[in-house]
Amino acid sequence: MSAPGALRDRYPQVWRKYTPGQSAVKWAWYAGVVFVAVWSVRNLDIPWIYFLDADEQFMDLARRMFPPDWTYTDAVLNPLIETIHIATLGTIVTFFIAFPVAFLAARNTTPNVAAWLFGKFILVSTRSINTIVWALIFVAIFGPGPVAGIWAIAFRSIGFVAKLIAEAIEEIDNGPVEAIEATGASRLQVLLMGVLPQVLPVVYGTVVYRWDINIRESTVLGFVGAGGIGIELYSSINQFAWSQVSLMLALIMVVVVISEFVSATVRSRIT
Amino acid sequence: MLAISELTKTYDTGTAALRNVSITVDEPQVVAIIGPSGAGKSTLIRCINRLVEPTSGSVELNGENLTKLGSRDLRRARRHIGMIFQEYNLVERLTVMENILSGRLGYVSFWRAFRRNYPPADVAAAFSLLERVGLEGYHNTRADSLSGGQRQRVGIARALIQSPDLLLVDEPTASLDPKTSRQVMRILVELAREQKTPTLINIHDVQLAKTFATRVIGMQEGRIVFDGKPGQLTEKVLTDIYGEEDWSTEAAPVTAAAS
(Lines give C-alpha, C1' and ligand atoms only; values in the text may rest on other atoms or scores of the structure.)
Protein backbone atom coordinates (compact mmCIF):
# COMPACT_ATOMS: atom_id res chain seq x y z
CA MET A 1 0.00 0.00 0.00
CA SER A 2 1.03 3.56 -0.61
CA ALA A 3 1.63 6.03 2.15
CA PRO A 4 -1.60 7.35 3.80
CA GLY A 5 -1.22 10.87 2.48
CA ALA A 6 -0.77 9.83 -1.15
CA LEU A 7 -4.50 9.26 -2.02
CA ARG A 8 -5.47 12.62 -0.58
CA ASP A 9 -2.88 14.29 -2.74
CA ARG A 10 -3.82 12.49 -5.92
CA TYR A 11 -7.67 12.50 -5.89
CA PRO A 12 -10.35 15.12 -5.11
CA GLN A 13 -12.09 14.73 -1.75
CA VAL A 14 -15.21 16.70 -2.53
CA TRP A 15 -17.98 15.22 -4.68
CA ARG A 16 -21.38 16.75 -5.41
CA LYS A 17 -24.13 15.17 -7.52
CA TYR A 18 -25.23 18.56 -8.87
CA THR A 19 -23.20 21.57 -9.89
CA PRO A 20 -24.33 24.86 -8.27
CA GLY A 21 -26.02 25.75 -11.57
CA GLN A 22 -27.99 22.49 -11.66
CA SER A 23 -29.06 22.99 -8.03
CA ALA A 24 -30.33 26.47 -8.86
CA VAL A 25 -32.40 25.10 -11.75
CA LYS A 26 -33.84 22.40 -9.50
CA TRP A 27 -34.91 24.93 -6.83
CA ALA A 28 -36.35 27.20 -9.52
CA TRP A 29 -38.65 24.32 -10.58
CA TYR A 30 -39.80 23.78 -6.99
CA ALA A 31 -40.51 27.51 -6.62
CA GLY A 32 -42.44 27.41 -9.92
CA VAL A 33 -44.73 24.63 -8.65
CA VAL A 34 -45.47 26.59 -5.46
CA PHE A 35 -46.18 29.71 -7.52
CA VAL A 36 -48.68 27.85 -9.76
CA ALA A 37 -50.47 26.43 -6.70
CA VAL A 38 -50.78 29.83 -5.03
CA TRP A 39 -51.89 31.47 -8.26
CA SER A 40 -54.61 28.81 -8.81
CA VAL A 41 -56.07 29.26 -5.33
CA ARG A 42 -56.13 33.08 -5.70
CA ASN A 43 -57.78 32.86 -9.09
CA LEU A 44 -60.54 30.46 -7.98
CA ASP A 45 -62.29 32.89 -5.60
CA ILE A 46 -62.86 30.18 -3.03
CA PRO A 47 -65.56 31.30 -0.51
CA TRP A 48 -63.52 30.70 2.63
CA ILE A 49 -66.48 31.65 4.80
CA TYR A 50 -68.03 28.20 4.23
CA PHE A 51 -64.99 26.56 5.79
CA LEU A 52 -65.89 28.04 9.18
CA ASP A 53 -68.78 25.67 9.85
CA ALA A 54 -67.77 22.85 7.50
CA ASP A 55 -67.26 20.44 10.39
CA GLU A 56 -70.78 21.09 11.71
CA GLN A 57 -72.28 20.66 8.25
CA PHE A 58 -70.38 17.42 7.82
CA MET A 59 -71.58 15.97 11.12
CA ASP A 60 -75.13 17.07 10.34
CA LEU A 61 -75.05 15.33 6.96
CA ALA A 62 -73.56 12.18 8.51
CA ARG A 63 -76.38 12.10 11.09
CA ARG A 64 -79.04 12.48 8.40
CA MET A 65 -77.41 9.68 6.35
CA PHE A 66 -77.22 7.27 9.25
CA PRO A 67 -78.76 4.79 9.50
CA PRO A 68 -79.31 3.99 5.80
CA ASP A 69 -82.93 3.39 4.87
CA TRP A 70 -82.76 -0.39 4.35
CA THR A 71 -86.46 -0.58 3.46
CA TYR A 72 -85.64 1.32 0.30
CA THR A 73 -83.50 -1.59 -0.98
CA ASP A 74 -86.37 -3.17 -2.94
CA ALA A 75 -86.94 0.04 -4.86
CA VAL A 76 -83.30 0.44 -5.98
CA LEU A 77 -82.41 -3.19 -6.61
CA ASN A 78 -83.70 -3.18 -10.20
CA PRO A 79 -82.00 0.12 -11.12
CA LEU A 80 -78.79 -1.28 -9.62
CA ILE A 81 -79.01 -4.42 -11.77
CA GLU A 82 -79.78 -2.20 -14.77
CA THR A 83 -76.55 -0.31 -13.98
CA ILE A 84 -74.54 -3.54 -14.15
CA HIS A 85 -76.27 -4.49 -17.43
CA ILE A 86 -75.41 -1.11 -18.95
CA ALA A 87 -71.75 -1.56 -17.99
CA THR A 88 -71.62 -5.14 -19.31
CA LEU A 89 -73.41 -4.47 -22.61
CA GLY A 90 -71.40 -1.27 -23.09
CA THR A 91 -68.17 -3.22 -22.61
CA ILE A 92 -69.26 -5.90 -25.11
CA VAL A 93 -70.04 -3.23 -27.72
CA THR A 94 -66.66 -1.66 -26.90
CA PHE A 95 -64.84 -4.93 -27.58
CA PHE A 96 -66.30 -5.39 -31.06
CA ILE A 97 -65.42 -1.83 -32.09
CA ALA A 98 -62.10 -1.44 -30.25
CA PHE A 99 -60.61 -4.75 -31.46
CA PRO A 100 -60.42 -3.85 -35.17
CA VAL A 101 -59.56 -0.23 -34.36
CA ALA A 102 -56.52 -1.44 -32.37
CA PHE A 103 -55.13 -3.20 -35.45
CA LEU A 104 -55.59 0.00 -37.49
CA ALA A 105 -53.87 2.11 -34.84
CA ALA A 106 -50.84 -0.19 -34.36
CA ARG A 107 -47.96 0.80 -36.64
CA ASN A 108 -46.96 -2.79 -37.44
CA THR A 109 -50.42 -4.04 -38.45
CA THR A 110 -52.06 -1.00 -40.03
CA PRO A 111 -52.65 -1.38 -43.79
CA ASN A 112 -51.62 2.19 -44.69
CA VAL A 113 -51.01 5.67 -43.30
CA ALA A 114 -54.61 6.82 -43.85
CA ALA A 115 -55.95 3.85 -41.86
CA TRP A 116 -53.40 4.52 -39.11
CA LEU A 117 -54.41 8.16 -38.82
CA PHE A 118 -58.07 7.15 -38.77
CA GLY A 119 -57.35 4.65 -35.98
CA LYS A 120 -55.38 7.22 -33.98
CA PHE A 121 -58.19 9.75 -34.45
CA ILE A 122 -60.70 7.31 -32.94
CA LEU A 123 -58.36 6.62 -30.02
CA VAL A 124 -57.90 10.27 -29.17
CA SER A 125 -61.42 11.53 -29.89
CA THR A 126 -63.39 8.93 -27.91
CA ARG A 127 -61.11 9.24 -24.88
CA SER A 128 -61.11 13.02 -24.81
CA ILE A 129 -64.88 13.19 -24.23
CA ASN A 130 -66.17 12.27 -20.77
CA THR A 131 -68.79 9.54 -20.29
CA ILE A 132 -71.34 12.07 -18.99
CA VAL A 133 -70.89 14.22 -22.10
CA TRP A 134 -71.28 11.17 -24.35
CA ALA A 135 -74.41 10.30 -22.32
CA LEU A 136 -75.89 13.78 -22.94
CA ILE A 137 -75.27 13.32 -26.68
CA PHE A 138 -76.81 9.83 -26.79
CA VAL A 139 -79.81 10.86 -24.67
CA ALA A 140 -80.44 13.47 -27.36
CA ILE A 141 -80.20 10.77 -30.04
CA PHE A 142 -81.92 7.74 -28.45
CA GLY A 143 -83.97 9.52 -25.79
CA PRO A 144 -83.55 8.91 -22.04
CA GLY A 145 -82.92 5.35 -20.84
CA PRO A 146 -80.34 2.58 -20.72
CA VAL A 147 -79.71 2.48 -24.50
CA ALA A 148 -78.13 5.94 -24.33
CA GLY A 149 -76.12 4.74 -21.32
CA ILE A 150 -74.80 1.68 -23.15
CA TRP A 151 -73.58 3.79 -26.07
CA ALA A 152 -72.08 6.39 -23.76
CA ILE A 153 -70.14 3.71 -21.89
CA ALA A 154 -69.04 2.08 -25.17
CA PHE A 155 -67.87 5.30 -26.79
CA ARG A 156 -65.85 6.40 -23.78
CA SER A 157 -64.23 2.92 -23.54
CA ILE A 158 -63.33 2.35 -27.21
CA GLY A 159 -60.29 4.63 -27.12
CA PHE A 160 -59.05 3.24 -23.80
CA VAL A 161 -59.33 -0.44 -24.80
CA ALA A 162 -58.08 0.08 -28.39
CA LYS A 163 -55.09 2.13 -27.21
CA LEU A 164 -53.90 -0.53 -24.76
CA ILE A 165 -54.40 -3.34 -27.31
CA ALA A 166 -52.62 -1.30 -30.02
CA GLU A 167 -49.65 -0.75 -27.71
CA ALA A 168 -49.51 -4.49 -27.02
CA ILE A 169 -49.58 -5.18 -30.78
CA GLU A 170 -46.66 -2.81 -31.32
CA GLU A 171 -44.63 -4.61 -28.66
CA ILE A 172 -45.00 -8.18 -29.96
CA ASP A 173 -42.05 -10.35 -30.95
CA ASN A 174 -41.73 -10.04 -34.73
CA GLY A 175 -39.95 -13.41 -35.13
CA PRO A 176 -43.07 -15.62 -35.13
CA VAL A 177 -44.79 -13.12 -37.44
CA GLU A 178 -41.90 -13.47 -39.89
CA ALA A 179 -42.11 -17.26 -39.64
CA ILE A 180 -45.84 -17.26 -40.43
CA GLU A 181 -45.25 -14.86 -43.35
CA ALA A 182 -42.55 -17.21 -44.68
CA THR A 183 -45.09 -20.05 -45.00
CA GLY A 184 -47.07 -18.09 -47.59
CA ALA A 185 -49.94 -17.21 -45.23
CA SER A 186 -52.27 -14.33 -46.17
CA ARG A 187 -52.19 -11.00 -44.31
CA LEU A 188 -55.28 -11.91 -42.31
CA GLN A 189 -53.85 -15.33 -41.45
CA VAL A 190 -50.62 -13.71 -40.25
CA LEU A 191 -52.70 -11.52 -37.90
CA LEU A 192 -54.68 -14.56 -36.75
CA MET A 193 -51.80 -16.98 -36.11
CA GLY A 194 -48.80 -14.69 -35.56
CA VAL A 195 -50.10 -11.52 -33.90
CA LEU A 196 -53.35 -12.42 -32.13
CA PRO A 197 -52.00 -15.22 -29.88
CA GLN A 198 -49.33 -12.83 -28.61
CA VAL A 199 -51.78 -10.08 -27.62
CA LEU A 200 -54.71 -12.21 -26.41
CA PRO A 201 -53.79 -11.92 -22.69
CA VAL A 202 -53.77 -8.12 -23.00
CA VAL A 203 -57.10 -8.19 -24.88
CA TYR A 204 -58.83 -10.20 -22.14
CA GLY A 205 -57.16 -8.28 -19.31
CA THR A 206 -58.00 -4.86 -20.74
CA VAL A 207 -61.63 -5.69 -21.50
CA VAL A 208 -62.26 -7.09 -18.02
CA TYR A 209 -60.48 -4.11 -16.43
CA ARG A 210 -62.59 -1.70 -18.48
CA TRP A 211 -65.77 -3.55 -17.47
CA ASP A 212 -64.79 -2.97 -13.85
CA ILE A 213 -64.24 0.76 -14.52
CA ASN A 214 -67.53 0.92 -16.48
CA ILE A 215 -69.54 -0.38 -13.53
CA ARG A 216 -68.33 2.62 -11.54
CA GLU A 217 -68.91 5.04 -14.43
CA SER A 218 -72.43 3.77 -15.13
CA THR A 219 -73.63 4.64 -11.59
CA VAL A 220 -73.71 8.35 -12.50
CA LEU A 221 -75.21 8.01 -16.01
CA GLY A 222 -78.69 8.48 -14.54
CA PHE A 223 -77.79 12.07 -13.54
CA VAL A 224 -78.35 12.99 -17.17
CA GLY A 225 -81.12 10.47 -17.79
CA ALA A 226 -79.09 7.67 -19.34
CA GLY A 227 -80.46 4.88 -17.14
CA GLY A 228 -79.28 2.96 -14.09
CA ILE A 229 -79.22 3.75 -10.40
CA GLY A 230 -78.04 7.33 -11.03
CA ILE A 231 -81.64 8.44 -11.64
CA GLU A 232 -82.73 7.34 -8.14
CA LEU A 233 -79.54 8.72 -6.62
CA TYR A 234 -80.09 12.11 -8.23
CA SER A 235 -83.73 12.38 -7.16
CA SER A 236 -82.95 11.29 -3.58
CA ILE A 237 -80.22 13.93 -3.37
CA ASN A 238 -82.63 16.58 -4.69
CA GLN A 239 -85.23 15.55 -2.10
CA PHE A 240 -82.60 15.65 0.69
CA ALA A 241 -83.49 12.00 1.39
CA TRP A 242 -80.02 11.36 2.79
CA SER A 243 -80.78 7.97 4.33
CA GLN A 244 -81.78 6.74 0.87
CA VAL A 245 -78.62 8.23 -0.59
CA SER A 246 -76.42 6.46 1.94
CA LEU A 247 -78.19 3.16 1.23
CA MET A 248 -77.49 3.52 -2.50
CA LEU A 249 -73.88 4.49 -1.88
CA ALA A 250 -73.47 1.38 0.29
CA LEU A 251 -75.02 -0.88 -2.37
CA ILE A 252 -72.87 0.68 -5.12
CA MET A 253 -69.80 0.09 -2.99
CA VAL A 254 -70.69 -3.60 -2.57
CA VAL A 255 -71.10 -4.00 -6.34
CA VAL A 256 -67.86 -2.14 -7.06
CA VAL A 257 -65.90 -4.28 -4.59
CA ILE A 258 -67.31 -7.44 -6.19
CA SER A 259 -66.53 -6.27 -9.74
CA GLU A 260 -63.01 -5.28 -8.75
CA PHE A 261 -62.49 -8.69 -7.19
CA VAL A 262 -63.80 -10.45 -10.33
CA SER A 263 -61.61 -8.32 -12.60
CA ALA A 264 -58.48 -8.84 -10.46
CA THR A 265 -59.07 -12.60 -10.34
CA VAL A 266 -59.60 -12.92 -14.08
CA ARG A 267 -56.52 -10.82 -14.85
CA SER A 268 -54.29 -12.82 -12.51
CA ARG A 269 -55.44 -16.11 -14.07
CA ILE A 270 -54.57 -15.09 -17.65
CA THR A 271 -51.30 -16.57 -18.88
CA MET B 1 -33.61 -25.77 -59.25
CA LEU B 2 -32.28 -22.67 -57.48
CA ALA B 3 -30.36 -20.06 -59.44
CA ILE B 4 -29.29 -16.90 -57.66
CA SER B 5 -27.59 -14.41 -59.93
CA GLU B 6 -25.87 -11.14 -59.15
CA LEU B 7 -27.93 -10.64 -56.02
CA THR B 8 -27.16 -7.33 -54.31
CA LYS B 9 -28.61 -5.85 -51.14
CA THR B 10 -27.77 -2.43 -49.78
CA TYR B 11 -29.66 -1.51 -46.60
CA ASP B 12 -31.15 1.97 -46.11
CA THR B 13 -28.33 2.64 -43.67
CA GLY B 14 -25.86 2.28 -46.57
CA THR B 15 -24.51 -1.09 -45.47
CA ALA B 16 -23.76 -3.28 -48.48
CA ALA B 17 -24.78 -6.69 -47.16
CA LEU B 18 -24.64 -8.58 -50.48
CA ARG B 19 -22.46 -7.70 -53.48
CA ASN B 20 -23.18 -9.58 -56.71
CA VAL B 21 -23.77 -12.99 -55.19
CA SER B 22 -24.43 -15.84 -57.62
CA ILE B 23 -25.14 -19.40 -56.52
CA THR B 24 -26.61 -22.32 -58.46
CA VAL B 25 -28.00 -25.37 -56.70
CA ASP B 26 -29.11 -27.92 -59.32
CA GLU B 27 -29.35 -31.08 -57.24
CA PRO B 28 -31.00 -31.84 -53.88
CA GLN B 29 -27.96 -31.15 -51.73
CA VAL B 30 -27.30 -29.66 -48.30
CA VAL B 31 -25.34 -26.43 -48.72
CA ALA B 32 -23.72 -24.89 -45.66
CA ILE B 33 -23.03 -21.17 -45.83
CA ILE B 34 -20.28 -20.16 -43.45
CA GLY B 35 -18.63 -16.84 -42.73
CA PRO B 36 -18.06 -14.30 -39.99
CA SER B 37 -20.91 -12.32 -38.40
CA GLY B 38 -21.98 -9.55 -40.76
CA ALA B 39 -20.82 -11.43 -43.87
CA GLY B 40 -24.37 -11.32 -45.28
CA LYS B 41 -25.40 -14.95 -44.70
CA SER B 42 -28.71 -14.05 -43.07
CA THR B 43 -29.44 -11.37 -45.67
CA LEU B 44 -28.77 -13.87 -48.48
CA ILE B 45 -31.25 -16.40 -47.08
CA ARG B 46 -33.87 -13.73 -46.39
CA CYS B 47 -33.53 -12.25 -49.87
CA ILE B 48 -34.50 -15.61 -51.37
CA ASN B 49 -38.02 -15.65 -49.85
CA ARG B 50 -38.00 -11.85 -49.71
CA LEU B 51 -38.40 -11.38 -46.00
CA VAL B 52 -35.72 -8.87 -47.02
CA GLU B 53 -36.21 -7.13 -50.39
CA PRO B 54 -33.08 -7.48 -52.54
CA THR B 55 -31.81 -4.28 -54.18
CA SER B 56 -30.98 -5.94 -57.51
CA GLY B 57 -30.30 -9.32 -59.09
CA SER B 58 -32.55 -12.31 -59.48
CA VAL B 59 -33.53 -15.48 -57.63
CA GLU B 60 -35.00 -18.25 -59.77
CA LEU B 61 -36.66 -21.24 -58.17
CA ASN B 62 -37.73 -23.96 -60.63
CA GLY B 63 -37.69 -21.42 -63.44
CA GLU B 64 -39.71 -18.71 -61.67
CA ASN B 65 -38.06 -15.37 -60.88
CA LEU B 66 -39.03 -14.70 -57.26
CA THR B 67 -37.73 -11.12 -57.22
CA LYS B 68 -40.34 -10.00 -59.77
CA LEU B 69 -43.42 -11.43 -58.06
CA GLY B 70 -46.30 -9.29 -56.77
CA SER B 71 -47.50 -9.86 -53.22
CA ARG B 72 -50.15 -12.45 -54.14
CA ASP B 73 -47.74 -14.48 -56.28
CA LEU B 74 -45.02 -14.12 -53.67
CA ARG B 75 -47.30 -15.69 -51.06
CA ARG B 76 -48.01 -18.55 -53.47
CA ALA B 77 -44.27 -19.03 -54.07
CA ARG B 78 -43.49 -18.89 -50.33
CA ARG B 79 -45.71 -21.92 -49.79
CA HIS B 80 -42.99 -23.95 -51.51
CA ILE B 81 -40.09 -22.51 -49.48
CA GLY B 82 -39.66 -23.75 -45.92
CA MET B 83 -37.74 -21.67 -43.39
CA ILE B 84 -36.17 -22.52 -40.05
CA PHE B 85 -34.93 -19.81 -37.67
CA GLN B 86 -32.24 -19.36 -35.05
CA GLU B 87 -34.70 -18.30 -32.36
CA TYR B 88 -37.19 -20.96 -33.55
CA ASN B 89 -39.87 -18.26 -33.98
CA LEU B 90 -42.67 -20.48 -32.77
CA VAL B 91 -45.85 -18.76 -31.62
CA GLU B 92 -45.25 -19.29 -27.91
CA ARG B 93 -48.85 -19.28 -26.72
CA LEU B 94 -50.04 -21.79 -29.30
CA THR B 95 -49.74 -25.56 -29.03
CA VAL B 96 -47.17 -27.67 -30.88
CA MET B 97 -49.89 -28.86 -33.27
CA GLU B 98 -51.06 -25.32 -34.08
CA ASN B 99 -47.46 -24.31 -34.75
CA ILE B 100 -46.77 -27.24 -37.08
CA LEU B 101 -50.06 -26.80 -38.97
CA SER B 102 -49.15 -23.12 -39.51
CA GLY B 103 -46.96 -24.51 -42.29
CA ARG B 104 -50.17 -25.29 -44.21
CA LEU B 105 -51.73 -21.81 -43.88
CA GLY B 106 -51.00 -21.05 -47.52
CA TYR B 107 -53.42 -23.82 -48.51
CA VAL B 108 -56.37 -23.24 -46.17
CA SER B 109 -58.88 -20.41 -45.88
CA PHE B 110 -58.90 -17.87 -43.05
CA TRP B 111 -62.00 -19.46 -41.52
CA ARG B 112 -60.58 -22.96 -41.55
CA ALA B 113 -57.47 -21.61 -39.80
CA PHE B 114 -59.68 -19.66 -37.36
CA ARG B 115 -61.59 -22.82 -36.44
CA ARG B 116 -58.34 -24.86 -36.49
CA ASN B 117 -60.12 -27.12 -38.97
CA TYR B 118 -57.24 -28.35 -41.17
CA PRO B 119 -57.69 -31.02 -43.88
CA PRO B 120 -57.31 -34.60 -42.56
CA ALA B 121 -54.25 -35.18 -44.77
CA ASP B 122 -52.48 -32.20 -43.15
CA VAL B 123 -53.29 -33.40 -39.65
CA ALA B 124 -51.98 -36.88 -40.45
CA ALA B 125 -48.81 -35.38 -41.95
CA ALA B 126 -48.34 -33.27 -38.81
CA PHE B 127 -48.61 -36.32 -36.53
CA SER B 128 -46.18 -38.24 -38.73
CA LEU B 129 -43.63 -35.39 -38.67
CA LEU B 130 -44.08 -35.04 -34.92
CA GLU B 131 -43.02 -38.67 -34.59
CA ARG B 132 -40.12 -38.20 -37.02
CA VAL B 133 -38.66 -35.32 -34.99
CA GLY B 134 -39.08 -37.34 -31.78
CA LEU B 135 -41.92 -35.38 -30.18
CA GLU B 136 -44.80 -37.86 -30.31
CA GLY B 137 -47.36 -37.11 -27.61
CA TYR B 138 -46.45 -33.41 -27.47
CA HIS B 139 -49.15 -32.19 -29.89
CA ASN B 140 -51.22 -30.43 -27.22
CA THR B 141 -48.24 -29.00 -25.34
CA ARG B 142 -47.87 -25.23 -25.50
CA ALA B 143 -44.72 -24.13 -27.30
CA ASP B 144 -43.55 -21.96 -24.39
CA SER B 145 -43.13 -25.01 -22.17
CA LEU B 146 -40.68 -26.75 -24.55
CA SER B 147 -36.88 -26.75 -24.30
CA GLY B 148 -34.73 -25.12 -27.01
CA GLY B 149 -34.00 -28.40 -28.79
CA GLN B 150 -37.68 -29.40 -28.72
CA ARG B 151 -38.71 -25.99 -30.08
CA GLN B 152 -36.31 -26.30 -32.98
CA ARG B 153 -37.73 -29.75 -33.77
CA VAL B 154 -41.18 -28.16 -33.96
CA GLY B 155 -39.63 -25.49 -36.21
CA ILE B 156 -38.30 -28.23 -38.49
CA ALA B 157 -41.69 -29.95 -38.61
CA ARG B 158 -43.43 -26.63 -39.42
CA ALA B 159 -41.08 -26.06 -42.37
CA LEU B 160 -41.25 -29.64 -43.68
CA ILE B 161 -45.05 -29.93 -43.56
CA GLN B 162 -44.96 -27.40 -46.40
CA SER B 163 -43.34 -30.15 -48.56
CA PRO B 164 -40.98 -27.39 -49.70
CA ASP B 165 -39.02 -27.27 -52.95
CA LEU B 166 -36.34 -25.39 -51.04
CA LEU B 167 -35.42 -25.25 -47.38
CA LEU B 168 -33.85 -22.10 -45.92
CA VAL B 169 -32.22 -22.55 -42.53
CA ASP B 170 -30.87 -19.57 -40.59
CA GLU B 171 -28.39 -20.51 -37.82
CA PRO B 172 -30.45 -23.49 -36.60
CA THR B 173 -28.11 -24.39 -33.76
CA ALA B 174 -26.74 -21.06 -32.55
CA SER B 175 -29.02 -21.11 -29.49
CA LEU B 176 -28.48 -24.80 -28.66
CA ASP B 177 -25.88 -26.80 -26.73
CA PRO B 178 -23.37 -28.92 -28.72
CA LYS B 179 -25.16 -32.27 -28.28
CA THR B 180 -28.61 -30.90 -29.07
CA SER B 181 -27.07 -29.04 -32.03
CA ARG B 182 -25.85 -32.30 -33.56
CA GLN B 183 -29.19 -34.05 -32.94
CA VAL B 184 -31.11 -31.19 -34.54
CA MET B 185 -28.74 -31.06 -37.53
CA ARG B 186 -29.00 -34.83 -38.00
CA ILE B 187 -32.83 -34.76 -38.03
CA LEU B 188 -32.81 -31.78 -40.37
CA VAL B 189 -30.37 -33.26 -42.88
CA GLU B 190 -32.03 -36.70 -42.80
CA LEU B 191 -35.46 -35.26 -43.54
CA ALA B 192 -34.10 -32.96 -46.25
CA ARG B 193 -32.40 -35.93 -47.96
CA GLU B 194 -35.51 -38.09 -47.68
CA GLN B 195 -37.75 -35.45 -49.22
CA LYS B 196 -34.99 -34.61 -51.75
CA THR B 197 -35.22 -30.95 -50.76
CA PRO B 198 -32.30 -28.68 -51.63
CA THR B 199 -31.29 -26.96 -48.39
CA LEU B 200 -29.31 -23.81 -47.61
CA ILE B 201 -28.05 -23.64 -44.04
CA ASN B 202 -26.37 -20.59 -42.49
CA ILE B 203 -24.10 -21.91 -39.83
CA HIS B 204 -21.43 -20.50 -37.54
CA ASP B 205 -20.01 -23.84 -36.54
CA VAL B 206 -17.45 -24.96 -39.13
CA GLN B 207 -17.26 -28.45 -37.61
CA LEU B 208 -21.03 -28.97 -37.96
CA ALA B 209 -20.87 -27.65 -41.52
CA LYS B 210 -18.14 -30.16 -42.40
CA THR B 211 -20.05 -33.04 -40.79
CA PHE B 212 -23.50 -32.48 -42.27
CA ALA B 213 -23.15 -30.56 -45.54
CA THR B 214 -22.25 -31.89 -48.97
CA ARG B 215 -21.20 -28.47 -50.21
CA VAL B 216 -19.83 -25.44 -48.38
CA ILE B 217 -20.03 -21.80 -49.44
CA GLY B 218 -17.83 -19.29 -47.63
CA MET B 219 -18.88 -15.65 -47.48
CA GLN B 220 -17.02 -12.54 -46.45
CA GLU B 221 -18.22 -8.95 -46.59
CA GLY B 222 -21.14 -9.80 -48.87
CA ARG B 223 -19.12 -11.81 -51.38
CA ILE B 224 -18.62 -15.50 -51.99
CA VAL B 225 -14.98 -16.35 -51.31
CA PHE B 226 -15.22 -20.15 -51.31
CA ASP B 227 -17.48 -22.75 -52.92
CA GLY B 228 -16.51 -26.39 -52.69
CA LYS B 229 -16.60 -29.72 -50.87
CA PRO B 230 -16.32 -29.84 -47.07
CA GLY B 231 -13.01 -31.71 -47.50
CA GLN B 232 -11.50 -28.71 -49.27
CA LEU B 233 -11.90 -26.51 -46.16
CA THR B 234 -8.25 -26.18 -45.30
CA GLU B 235 -6.71 -23.81 -42.81
CA LYS B 236 -5.78 -21.49 -45.65
CA VAL B 237 -9.40 -21.39 -46.87
CA LEU B 238 -10.69 -20.72 -43.36
CA THR B 239 -8.21 -17.85 -43.05
CA ASP B 240 -9.53 -16.46 -46.34
CA ILE B 241 -13.06 -16.57 -44.99
CA TYR B 242 -12.63 -15.59 -41.36
CA GLY B 243 -9.25 -13.84 -41.21
CA GLU B 244 -6.07 -14.77 -39.37
CA GLU B 245 -6.48 -17.22 -36.46
CA ASP B 246 -4.92 -20.41 -35.14
CA TRP B 247 -7.29 -23.03 -36.59
CA SER B 248 -5.78 -26.17 -35.00
CA THR B 249 -8.21 -27.74 -32.54
CA GLU B 250 -5.43 -28.08 -29.97
CA ALA B 251 -4.69 -24.40 -29.50
CA ALA B 252 -1.97 -23.64 -26.98
CA PRO B 253 -3.59 -23.25 -23.55
CA VAL B 254 -4.00 -19.63 -22.57
CA THR B 255 -1.60 -19.18 -19.67
CA ALA B 256 -2.49 -16.95 -16.78
CA ALA B 257 -1.23 -13.43 -17.26
CA ALA B 258 2.03 -12.80 -15.44
CA SER B 259 1.32 -11.18 -12.12
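Tutor: Terms before strands. Two strands pair if DSSP finds at least two bridges between them. Helices (H or I, at least four residues) and strands (E, at least two) are DSSP runs, numbered from the N terminus. The model is predicted: local features need pLDDT of at least 70, side-chain atom pairs count only at pLDDT 80 or more, and totals for chains, interfaces and linings use all residues. Residues are numbered from 1 along each chain as its sequence is written, while chains are lettered from A and ligands numbered from 1 in the order in which they are written.

Student: OK, what is the strand order in the open sheet of chain B?
Tutor: β2-β1-β4-β5, 4 strands with antiparallel pairing. The edge strands are β2 (16-25) and β5 (64-65) of chain B, each pairing on one side only.

Student: Which helix packs on that sheet?
Tutor: Helix α1 (residues 41-48) of chain B. It touches β1, β2 and β4 (56-61) of chain B. Its direction makes about 60° with that of β2(B). Axes are lines fitted to C-alpha atoms, for helices over the stretch in contact, and angles run from 0 to 180 degrees between N-to-C directions. Contact means C-beta atoms, placed from the backbone, within 7 Å.

Student: Switching to α2(B). Which residues are buried there?
Tutor: B:Arg75, B:Ala77 and B:Arg78, in the helix spanning residues 71-78. Buried means 20 or more other C-beta atoms within 10 Å of the residue's own; exposed means 12 or fewer, and partly exposed is in between, with C-beta atoms placed from the backbone.

Student: Why do they line one face of the helix?
Tutor: Seen down the axis of α2(B), the buried residues fall within an arc of 160°, so they line one face. That arc is taken from the directions from the helix axis to the C-beta atoms. On the other side, B:Arg72 and B:Asp73 are exposed.

Student: And what do the buried ones pack against?
Tutor: α8 (174-182) of chain A, together with β5 and β6 (81-84) of chain B.

Student: How many residues of each chain are in contact across the interface?
Tutor: 19 of chain A with 22 of chain B. α9 (187-218) of chain A gives the most to chain A's side, with 8 residues.

Student: Last topic. Which residues touch the most other members of the largest nonpolar core?
Tutor: A:Ala102, A:Ala152, A:Ala162, A:Ile165 and B:Ile100, out of 117 residues. Such a core is a set of buried Ala, Val, Leu, Ile, Met, Phe, Trp, Tyr and Cys residues joined through C-beta atoms within 7 Å. Helix α7 (residues 146-170) of chain A gives the most, with 15 residues.

Key
Contact = placed C-beta atoms within 7 Å.
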